[in-house]
Amino acid sequence: MENRGAGAGAGAGAPDPGRAEDLAELIGLLGELRAWAGQPSYRLLAGRVGPLLRPARTVSATTVVDAFKAGRRRLDLDLLVGIVRALGVDEAGTERWRAACIRVHAGAKTGGTAGVFRQLPADLATFTGRGRELAALLAAAGPGGNAATTVVISAIEGMAGVGKTQLAVHAAHELVRAGRYRDMQLYVNLRGFDPELPPADPAAVLDAFLRHLEVPAQRIPDGLDARAAMFRDRLDGRAALIVLDNAADEDQVRPLIPACPSSLVVVTSRRSLLGLDGATATRLDVFDPAEALALFARIAGPERTAAEPEAAAAIVAACGHLPLAVSLTAARLRSRPTWTLAYLLSKLHTHGVDSVATSRQSLRGVFDLSYEGLPPAAQRLFRLLPLNPGQDFTPGAAAALAGLDEPGTELLLERLQDEHLLQQKTPGRYALHDLLHAYAAGCARPDRDEERAATGRVLAWYLAGADTAADRIVPSRYALAPDPALAAASPPAFEGSADAMAWCDAEHANLLAAAEKAAALAEKAAAPPVAGVPGGGDLAWRLATALSTYLHLRCQWREHEHIHELALEAALATGHLAGEAWVRNNLGICLAALGRPDHAAAHLTRALQVRRVLGDVSGEAATLSNLARAAAEAGDLEAGLGHALQGLDAATRAGDRKREAAVLNSIAICLWELGRPEESLAYLLRKLAMHREDEDPNGLGLALHNIAEVHEALHQYDRAAGVLQEALDTALAAGDVHAEAGALFGLARCLHATGRSRTARAHLQRALAVFEDLDAPETARARDLLATLDASGPHA
């Protein structure tokens with residue numbers, strides 16, 4: 001038996017739970033501990049954990065799976081201790097995990113957006129060989145300190161399946177374990193050789209990196225050069241390790257390289273990257289026979305390998321000593337305890353896997369061995385996974401694809417991962433390697449009806465998720481009418497607005513890909529509808545509309561415009577008038593925000609015509625309110641006021657209080673801009689009364705804020721302060737930190753204006769701390785006021 005009791009009580013090389021600064025990091029380290037323990041399946045772990053609990057009880061595999069999911073708010077202490085013990089950690093090490101769990105829960109914080117600075121995939125417990133190449137990579141990183149004068153770039157090159165990614169990730173973990181590049185580690189799969197998806201756009205990669213570096217979405221510039229410049233600025237002077245996996249060519253990589261000498265960039269590619277200036281190339285070949293045999297024995301088991309040494313050598317030779325082929329073949333043997341190595345070798349010869357040693361030949365035979373050993377349900381799910389519109393997916397999306405329940409689907413995904421047919425770079429999110437994606441896409445394809453049904457189900461799942469999230473984020477929005485075809489969809493449940501926004505952030509790329517795929521389906525020739533799934537044209541405009549709220553709040557106007565233009569084509573192609581009105585209405589909002597009010601007005605005018613034809617009076621009110629804003633953006637305030645007043649009439653006729661309250665706000669804004677503050681205030685007070693009656697905290701907070709601004713502009717500071725105090729109480733009750741800071745900022749201005757600068761300073765300092773944390777637009781004005789207060793000296 002292997003002794004795992006060395007070191008700090010958890011075994012040599014085991015992750016240290018003391019490194020965890022929060023619950024997310026502790027869960028990530030728990031995943032690393034599972035890898036260190038040999039990656040036992042969740043089913044096996046569940047069987048081990050139950051008897052270790054006090055009292056002993058049966059634990060389901062789903063319960064164990066949940067413990068490894070990122071994004072959890074709490075982690076059961078007894079379950080964590082049981083899992084740690086089941087993974088082979090001794091009592092001293094287990095006590096360290098217990099203490100770390102208690103510590104991170106005690107220090108848990110809520111609110112705000114945290115950066116994602118440690119993105120490395122888990123290091124493989126089965127990493128084998130590559131001693132010379134690893135030493136070269138570590139040497140290229142240098143000794144540390146300030147000796148380097150330029151950014152260090154290491155390029156790992158080689159054929160598919162040779163282990164480039166594994167070497168890059170292992171080298172990165174070695175450097176981090178040595179205390180290097182602790183500021184941040186960024187990782188991205190550039191999809192340079194994906195069989196179906198295009199290579200990742202460097203601009204999109206930079207957008208994601210900047211989000212991870214806590215740059216607010218609205219501050220991320222549009223152009224590639226501008227984003228690259230901001231990325232270099234944000235990394236200047238920081239010890240950052242960046243892994244750029246599966247690069248297509250030098251042009252894709254160059255914008256993603258920082259300028260500071262304190263950073264290390266590791267690039268992997270199937271192509272030579274000779275044009276990448278300053279890069280040190282590490283070229284990987286297949287394993288030598290001894291390394292391949294060592295990897296096979298580590299996975300399949302040393303006893304079985306030693307029992308048939310000649311067959312073992314012949315097996316790895318049949319795999320061409322290619323690491324990926326060796327790993328998959330050994331995993332198949334491990335899952336079949338009754339097989340002999342000679343029997344496995346005969347199957348390899350039958351499937352032609354002895355020909356995988358060159359780049360001209362495929363791994364199909366090796367993949368077939370894993371695929372054929374799967375139960376039928378897992379085979380079917382594997383065949384369907386390439387139909388997911390995005391690059392990665394959650395168990396919920398996979399369940400929608402297969403038409404199964406989520407817990408059962410997650411167990412199937414774990415089975416696929418155990419068979420090395422699936423990757424899990426972060427807990428709860430899965431992806432197909434590009435080779436396996438191509439294999440699955442051509443592996444006993446589902447019939448056309450099943451493929452259409454699966455595609456429709458997963459698109460409907462993304463639509464239901466986006467629509468549910470939008471309802472949680474802005475409950476008072478003008479929402480889509482329910483589609484009966486979506487009744488079967490089971491979208492995620494969200495605890496509140498922040499939870500819904502976090503889901504949209506995580507699914508951002510998949511949601512956009514789903515919208516594009518729905519639009520592409522709408523362009524194809526009409527086909528008989530699939531039961532329980534909206535048609536492609538309906539999916540296209542509904543997905544774009546459901547995403548509108550999230551993209552609006554994230555100021556992603558270019559993406560907003562793109563998917564709505566596609567959706568408009570789909571709605572027009574299918575003659576769906578309501579869909580056309582929705583899409584044109586949203587395009588109008590977007591184009592006004594982009595500074596194109598004339599184009600916005602054209603879409604909004606057409607949307608208004610259609611909604612009047614359809615008799616959608618609430619929709620008419622919403623569109624008139626947007627027309628008012630577009631006119632105000634164009635400087636035609638009188639026209640804007642006229643549209644808003646018409647919108648108020650329509651909302652009243654419809655009996656739609658939510659639309660009525662929204663239009664009252666538009667009227668107040670127009671009147672304010674026209675220099676008629678008293679009239680503006682009257683409309684805002686009507687809006688306030690409605691929100692009080694309807695108990696709508698979001699609308700109430702906005703109304704109070706706007707009313708206070710009017711009082712402040714009229715130099716009615718005591719009245720403004722009273723309203724702002726209520727706005728502050730409302731924000732505190734709702735947990736809205738930005739609104740809380742806004743109320744404090746307003747109170748500080750009113751107190752300063754009435755000579756109470758000492759109290760004003762206290763409010764202002766609290767507000768400024770929040771603004772700076774959020775990188776809010778009010779930050780500069782708050783700093784200016786604080787400087788004024790500091791210059792004037794303390795006052796009572």
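Modeller: Strand 6 and strand 8 (residues 429-431) pair in the antiparallel sense, over two bridges. Strands are DSSP runs (E, at least two residues), numbered from the N terminus, and two of them pair if DSSP finds at least two bridges between them. Within this pair, Asp-392 stands opposite Ala-431 in strand 8. Please note that the model is predicted: local features need pLDDT of at least 70, side-chain atom pairs count only at pLDDT 80 or more, and totals for chains, interfaces and linings use all residues. Residues are numbered from 1 along each chain as its sequence is written, and side-chain values use heavy atoms, with hydrogens and water left out.

Biologist: In what order do the three strands of this open sheet lie?

Modeller: The order is 6-8-7, with antiparallel pairing. Strand 6 (392-393) and strand 7 (423-426) each have a single partner strand, so one side of each is left without a neighbour in the sheet.

Biologist: Which strands pair with strand 3 in the parallel sense?

Modeller: Strand 2 (residues 184-189) runs parallel to strand 3 and is joined to it by six bridges; Val-188 has Leu-244 as its bridge partner. Strand 4 (residues 264-269) also pairs with strand 3 in the parallel sense, over four bridges, and here Val-243 stands opposite Val-266.

Biologist: How do the side chains of a regular strand lie relative to the two faces of the sheet?

Modeller: In a regular strand they alternate between the two faces. In strand 3, Ala-240, Ile-242 and Leu-244 lie on one side and Leu-241, Val-243 and Asp-245 on the other, all of them buried (under 20% relative accessible area, with a 1.4 Å probe and protein chains only). Six of the six residues of strand 3 (residues 240-245) are buried, so this strand is largely enclosed by the rest of the structure.

Methods:
Buried means under 20% relative accessible area, exposed over 50%, partly exposed in between (1.4 Å probe, protein chains only).
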